[in-house]
Amino acid sequence: RKGYLQLNAQTDNKRAFIAFVFFAIFVGLRPISAVFADMTQYKGVYERWGGSFTFDWDTENLLYDNQMAWFASIRLEPVLYYVYIALIYFGGTYIACRKMFPSNTYAAYLVFIAAFSTFSFGTNGIKAGSAASMFLIALAYRENLKVCVLFLLLSIGLHHSMQLPIITFVIACIYNKKT
């Protein structure tokens, strides 16, 4: 019975991984169009930042803005940048699902894919979506403080909107230790 469950879990993880790769490529390679409202705005910023790269500490989203400026400075096509961000978004969620649901990764990942917010986070709210996926990894690794803190920092570096979830998570961790 244990061998069957291990084989099933391995197959389950492979299916979830294939879904992650498929959706990252599908969403990442979508046409740059005004239909996806924020896409054209991000593309315009990306093209304006196409000069030489200098790390900027005075920016709203420290990690996201600087990585975007760096990719623009090496003249990477905007669509490849979108694939990169989609890999972060869908890959981060895949890692979190694999960690939190080891024997049902594929089912958990399909629930994520079917959520109403999944496509909009992958196309319009790409900063917030990638930040949220890093936050999910932090939640999944909450027992490993170093990994958890690393992903919390990555999350807030990608988008400032993660401040409230991170503060709430830290308070919950402190409260749980006291009880």
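Reply: A residue is called buried when its relative accessible area is under 20%, exposed when it is over 50%, and partly exposed in between. The model discussed here is a predicted one.

Me: What share of the residues of the chain count as buried?

Reply: The accessible surface comes to about 10500 Å², and 66% of it belongs to carbon and sulfur atoms. Among contacts with a separation of 6 or more, 64% are between residues 24 or more positions apart. Of the 179 residues, the buried share is 40%.

Me: Is α3 largely enclosed or open, and which helices are among those that cover its buried residues?

Reply: Nine of the twelve residues of α3 are buried, so the helix is largely enclosed by the rest of the structure. The buried residues include Y64, M68, A69 and F71. Their cover includes α2, α4, α7 and α8.

Me: What distance separates the end C-alpha atoms of α3, and which residue with a positive phi follows the helix?

Reply: At 1.5 Å a residue, the twelve residues of α3 should span 16 Å, and the distance between the end C-alpha atoms agrees: 16 Å. The residue that follows α3 has a positive phi, near 65°, and is R75.

Me: Is S130 buried or exposed, and with which residues is it in contact?

Reply: S130 lies in helix α7, which covers residues 126-140. Its relative accessibility is 0%, which is under the 20% limit, so S130 counts as buried. Leaving aside neighbours within four places in sequence, its contacts are I85, I88, Y89 and L158.

Me: Why are E47 and K43 separated by about one helical turn, and what is the distance between their closest N and O atoms?

Reply: An α-helix has 3.6 residues a turn, so residues three or four places apart point the same way. E47 and K43 are four residues apart in helix α2, and therefore about one turn apart. E47 is partly exposed at 49%, and K43 is partly exposed at 29%. They form a salt bridge in which the closest N and O atoms are separated by 3.3 Å.

Me: Which salt bridge links distant parts of the chain?

Reply: K99 and E143 meet through their side chains in a salt bridge, at 3.1 Å from N to O. K99 is in helix α4 and E143 is in the loop between α7 and α8, 44 residues apart. K99 is partly exposed, at 33%, whereas E143 is exposed, at 54%. The pair that links distant parts of the chain is K99 and E143.

Me: Which residues make the nonpolar surface patch of about 570 Å²?

Reply: One of them, F53, is found in the loop between α2 and α3. F53 is partly exposed, with a relative accessible area of 31%. The patch is made by F53, F55, W57, W70 and I74.

Notes: Residues numbered from 1 in each chain as written. Predicted model: local features only at pLDDT ≥ 70, side-chain atom pairs only at ≥ 80, totals over all residues. Heavy atoms only, no water. Patch = residues over 30% accessible without salt bridge, like charges linked within 9 Å, V, L, I, M, F, W, Y side chains within 5 Å. Areas by Shrake-Rupley, 256 points an atom, 1.4 Å probe, with all protein chains shown as cover. Salt bridge = Lys/Arg side-chain N within 4 Å of Asp/Glu carboxyl O. Helix = DSSP H or I, 4+ residues; strand = E, 2+ residues; numbered from the N terminus. Buried < 20%, exposed > 50% of the residue type's maximum accessible area, 1.4 Å probe, protein only. Contact = heavy atoms within 4.5 Å. Expected span 1.5 Å × (residues − 1).
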